[in-house]
Amino acid sequence: MKRALYMPLMVLALVVIFLAGNQIAGQAMRSWRLDLTEHGLYRLSPGTLAVMDRLSEPVEWRFYYSRAEAAQYPAIRAYATRVREMLQAYADRSGGMIRLTEIDPEPFSPQEDAALEAGLTAVPTDSGNSIYFGLVARNSIDEQAVIPVFREDSEARLEYDLTRVIADLERARRPRLAILTSLPITPDNGAPNRFVTELGGAYDLVWVEEDFRELPEADALLVYHPGDLDENQLYLIDQYALTRGRLLAFLDPLAHMAMRPGPDGLPPINAQRSSDLGPLLARWGVSYDPQTVAMDRALGLPVEIVDTDGRARRRAYPLWFSAGPGQINGNDLATATLDLGLNFGSPGRLEALGLPDMDMTPLVTTSPEGAVIDADIAAGAPGPDQLLRDYEPAPEPPVIAARVSGLPETAFPDGPPAGDVLFDPADHANQAAAPVDITLVADADWLDDTYYVRSDPSVGDTMVADNLTLALNLIDMAAGDPALIEVRSRTPSLRPMSRVERLREEAETRYVEIQEALEQEIAEAEERLDSLTGSGRASAFLSASGAEERAEAERLRHQIAETRAELRSVERDFRRDIDALNASLQFWTIGVPPLLVILLGIAGAVWRRRGRAS
């Protein structure tokens, strides 16, 4: 063979090997994945793997995405790529048990009709068309579960929602939720609130009588401001927590819902102002005092008060406050996607006791300005001035809601208490055999409609807080598949350049301060000039007595022109600084790495040449 053909044939062989290698790797190593991202963006949680490993029959996933309509929205397009990659990760890991199909439902097509029939949400666009961006999952008997729309602000729950779709299809029945409450919200009370209505649509509800002597079979137990519980009832709750491990307790030192007047104008006969679980909380590693109320002067909700002179004014009321992003745990699945805040009314305080086998994770706290007050004082409806008179923030922000996990011990080490309820000593548990998941919220009023719903006859009801969303999230995690507890919150895939944003914010702050000062100077000069010209004192037709005013007017016009020129200069300098920052970033992130590679290549070539020469 001619030597001139060696190089072309070698290049051709390398190209063939490269293409063939890619094809072979794409087929043989399709399910192989190596996730080197900082927070494991494509790594599935143990709970997800457990749910997928239980699949006994294939599940069909139809991913509906309006590619053409979404192309003009960069944020949706970027998040669609993230969702598609996550769906593919599930399909690859399932070993063929999840069959993924992507569908682009064009307008007026059979695919669009199928998307609407399945229950997907059509998101309207400026062009008048709609974007479909959701998932329909079906099993072999045509049962289906739907994610109506993937929302970018819910990325933290992305894996949880996808795994729950699988778990819901695999589950043979709807989850059962047992509810123990002394509040007038039961169906036979005639006035269930929105929270109860939403629960009834998602779960089979089992209402526990207040004089119960056994607890029903249920996937989770919700203890919502219970009445006065005796030892036998506390024992049943204690054993339920140890053996089932899925319990939620919404307690309150000052429940306004319980004391609300009925049709006769009086509170219910057996109304309980406060609720407690006696010795159980201490065994779960939590301290709770039903005689202590938390408040926050920095987060107080506005209320209207009437002064002694009869004038009404709005003031922040510390006992009713709204917890924002700074007070809400952003890492827990139940709270990671909340953006409207959470409204509370005279809640209690939870504290960790530091037991070795128990962990308490705060979900919601007050701000650093949070304080505590005696429940008897709070019950007297003190005014804002009275609350602020001797206000003293607590050493640590009071915890309003928390998640408790671990292996708690029983509050009844000697066995069942004596009473009229029969217990089998063989069924007594001294300690939880598996980690429990107990959620505590030190407030009952937070799920009253008035705390998170604003009713307006002209526009209907509007959600002004995420109270209902959080409650449903918590119950969904407790009553759902146990493996879902192990699904972690996802870190957002879009990584902001925090240092760049900080530099930009600092530059903008300096610019805004200078801009406001110059604009104020211009406004004052224009106001004075308008005063002179409006009165006619700066008119050239007046006598010499107006010369001073005319000179002042001329000086003001000159000052306004100079200040406006200075303002434009400040704006140019600001844009120049931002452009310089962008250019610097492009140099260091785009220009420097290839330059280093080139320099290393040159250095390697020089080193090899010197080696041959020696």
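Val11 is partly exposed, with a relative accessible area of 42%. Partly exposed means between two limits: buried is under 20% relative accessible area and exposed is over 50%, with a 1.4 Å probe and protein chains only. The model is predicted, so local features need pLDDT of at least 70 and side-chain atom pairs count only at pLDDT 80 or more, while totals for chains, interfaces and linings use all residues. Residues are numbered from 1 along each chain as its sequence is written, and side-chain values use heavy atoms, with hydrogens and water left out.

Where does Val11 lie? Its place is helix α1, residues 6–28. Helices here are DSSP runs of H or I with at least four residues, strands are runs of E with at least two, and both are numbered from the N terminus. Val11 also belongs to a nonpolar patch on the surface. A patch takes residues with over 30% relative accessible area and no salt bridge; like charges are joined within 9 Å, and nonpolar side chains (Val, Leu, Ile, Met, Phe, Trp, Tyr) within 5 Å.

Next, the helix pairs. Two packed helices are described by the angle between their axes and the distance between the axes. Axes are lines fitted to C-alpha atoms, for helices over the stretch in contact, and angles run from 0 to 180 degrees between N-to-C directions. Take helix α4 (residues 74–93) and helix α6 (residues 158–170). They pack at about 45°, with their axes 11 Å apart. That makes α4 oblique to α6. The cut-offs are these: under 35 degrees is roughly parallel, over 145 roughly antiparallel, 65 to 115 roughly perpendicular, and the rest oblique. The crossing of α4 past α6 is right-handed. A crossing is right-handed if the near helix is turned clockwise from the far one by less than a right angle, and left-handed if anticlockwise.

Helix α6 has another partner, helix α2 (residues 46–53). The axes of α2 and α6 come within 10 Å and cross at roughly 20°. So α2 is roughly parallel to α6. Here the crossing is left-handed.

Now to charges. Side chains of opposite charge can pair when their charged atoms come close. How many salt bridges does the structure hold? There are 17. Each is a side-chain nitrogen of Lys or Arg within 4 Å of a carboxyl oxygen of Asp or Glu. One of them joins Arg62 and Glu60, whose closest N and O atoms are 2.9 Å apart. Arg62 is partly exposed at 26%. Glu60 is partly exposed too, at 28% relative accessibility.

Arg174 and Asp204 also form a salt bridge, 3.0 Å from N to O. This pair links distant parts of the chain, 30 residues apart. Arg174 sits in the loop between α6 and β6 (176–181), and Asp204 in strand β7 (residues 204–208). Arg174 has a relative accessible area of 37%, so it counts as partly exposed. Asp204 is partly exposed at 33%.

Arg213 and Asp230 meet in a salt bridge as well, again with 3.0 Å from N to O. Arg213 lies in the loop between β7 and β8 (220–224), and Asp230 in the loop between β8 and α8 (231–243), so the pair ties together parts that are 17 residues apart in sequence. Arg213 is partly exposed at 33%, and Asp230 at 27%. Elsewhere, Arg67, Arg84 and Glu102 are linked in a network of salt bridges.

Gln88 is in helix α4. Its C-alpha atom is 7.4 Å from that of Leu100, 12 residues apart along the chain. Ser287, in strand β10 (residues 286–288), is 63 residues from Leu350 in sequence, yet their C-alpha atoms are 5.8 Å apart.

Last come two backbone angles. Most residues other than glycine have a negative phi, and most peptide bonds are trans. His225 has a positive phi of about 45° although it is not a glycine. Is His225 buried or exposed? His225 is buried, with a relative accessible area of 0%. Its loop runs between β8 and α8. Ser346 has a positive phi near 50°. Ser346 lies in the loop between β14 (342–345) and β15 (350–352), and counts as buried at 1% relative accessibility.

Technical notes
Areas by Shrake-Rupley, 256 points an atom, 1.4 Å probe, with all protein chains shown as cover.
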